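Keep the viewer open as you read.

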Amino acid sequence: MGLFLHFGVNTFTDREWGLGTESESVFNPTALDARQWARAARAGGFRRMILTAKHHDGFCLWPSAVTTHSVKSSPWRGGTGDVVREFVDAARAEGLEPGLYLSPWDRHEPTYGDSPRYDDFYCAQLTELLTRYGPLVEIWFDGANGEGPNGKKQVYDWIRYHTLIRKYQPGALIFSDAGPDLRWVGNEDGSAGDPNWCAVDPAVVPYPGAEGDAVTRELQHGDPTGSVWRPGEADVSIRPGWFWHPAEDAKVKSPSALLDLYVSSVGRNAGLLLNAPPNRAGLLSDPDVANLKAFGDNRAAWFTHDFAASAFVRHGPGDVVLTLAKPAEVDTIVLREEIERGQMVETFTVETDDGTRWRTAATGTTIGAKRIVRINPVTAGRVRLGMQSSLGRPSLAAVALHRSPA
């Protein structure tokens, strides 16, 4: 799980997409505290954070040498501040891994649409971020490709961008519709497809921003016979918008809604990237912080105790049977494949035995790195998992049994 932070001039203009004409003077957070962001992320159980170093408006949250449209022209910190530096330092101080988003679309930069010149400009900015701030866990791209201030659109040189990342940040994962490492799941609802394969056919989604029914299906579901390994990442905001808006303070997703998102993303073999936008003070607002913590606490209460931890496990040729030390009431089953051997399970069936007979509790499609299966509460002494695959012999890493909090 990662925490996304949309922050910039839009925070101060109450917009989602800036025009690129905003004055740098509007950016002036009065109490920016990136450690507060990181503490909130850690309390929610997140392991990484990603910051919008530059959104479509072109305003840079670091003092870029190739444009004046950045924090160095703002009144914040007297023009000497660097949000990216404070962000990466805060993340590492709290034991989290930092990542960055650098929008290729730039509605401010005059060279946008003059492909060779803008690519030089963009790669200079990308190099600054890749070389100044230490190891990054993820570089996040989207496919937005609108017009620049000259009315032209840019042809992005994705190969050049990726080559720079591999050179300067070889350990960083690259996210976009077309990967190459992580793929978008095709919506901003925080919900992965069912089934959801990690493998994909790269020819179906050849570049970020590609559209069509086949593209949507590939992003949502992957392809069990695909030639590349490109797990999905589901992005969604804790608020209706991606940037902070004062009218949305009462519309923050509840802890129970966040748990549902966890199940529909992580619980369907995908990562979860949850956006929580800082406000004009430069802080996460109280409702966001409170709900992130409650989400972390409730998830821990749900999944910490495993009734199968001391179970006797028998592995058969196509099933796994767990005999519990004593019968327990459960309503959640967590399945994990040995993902380093590949993703094999095409369908599965979960049965429970209350001492009288076996009953089908759930059926499903793919498992992958993690599958969370919710069932009607049942008291079980034994649980049987049957797996079907035409791709190879399934290999499970773990089966866990839980009961959700009341």
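Two strands are taken as paired if DSSP finds at least two bridges between them. Keep in mind that this is a predicted model.

**The barrel**

Let's begin with the sheet. How many strands does the closed barrel have? There are 8 strands, in the order β1-β2-β3-β4-β5-β6-β9-β10, and their pairing is parallel. On average, neighbouring strands of this sheet are turned by 25° against each other, with direction ignored.

Strand β1 covers residues 2-5 and runs parallel to strand β2, residues 48-54, with 4 bridges joining them. Within this pair, Leu5 stands opposite Leu51 of β2. Helix α2, residues 34-43, packs on the sheet and touches both β1 and β2. The direction of α2 makes about 145° with that of β2.

Strand β13 spans residues 347-353 and β14 spans residues 358-364; they run antiparallel and are joined by 6 bridges. Phe348 stands opposite Gly364 in β14.

| Strand pair | Residues | Direction | Bridges |
|---|---|---|---|
| β1 and β2 | 2-5 and 48-54 | parallel | 4 bridges |
| β13 and β14 | 347-353 and 358-364 | antiparallel | 6 bridges |

**Two helices side by side**

Now turn to helix α4 (residues 115-132) and helix α5 (residues 158-168), which pack at an angle of about 20° with their axes 10 Å apart. Angles under 35 degrees count as roughly parallel, so α4 is roughly parallel to α5. The crossing of α4 past α5 is right-handed. On the α4 side, the residues making the contact include Asp119, Tyr122, Cys123 and Leu126. On the α5 side, they include Arg160, Tyr161, Leu164 and Tyr168.

**The cysteines**

A disulfide is a covalent bond between the sulfur atoms of two cysteines. How many disulfides does the model have? The count comes to 0 disulfides, where a pair of cysteine sulfur atoms would have to lie within 2.5 Å. For Cys60, the nearest cysteine sulfur is that of Cys123, 14 Å away. Likewise, Cys123 is in no disulfide, and the nearest cysteine sulfur to it is that of Cys60.

Are these cysteines buried or exposed? Cys60 counts as buried because its relative accessibility is 0%. Cys123 is buried too, with a relative accessible area of 4%.

Methods:
Residues numbered from 1 in each chain as written. Predicted model: local features only at pLDDT ≥ 70, side-chain atom pairs only at ≥ 80, totals over all residues. Heavy atoms only, no water. Buried < 20%, exposed > 50% of the residue type's maximum accessible area, 1.4 Å probe, protein only. Axes fitted to C-alpha atoms, helices over the stretch in contact; angles between N-to-C directions. Contact = heavy atoms within 4.5 Å. Parallel < 35°, antiparallel > 145°, perpendicular 65-115°, else oblique. Left-handed = near helix turned anticlockwise from the far one by under 90°.
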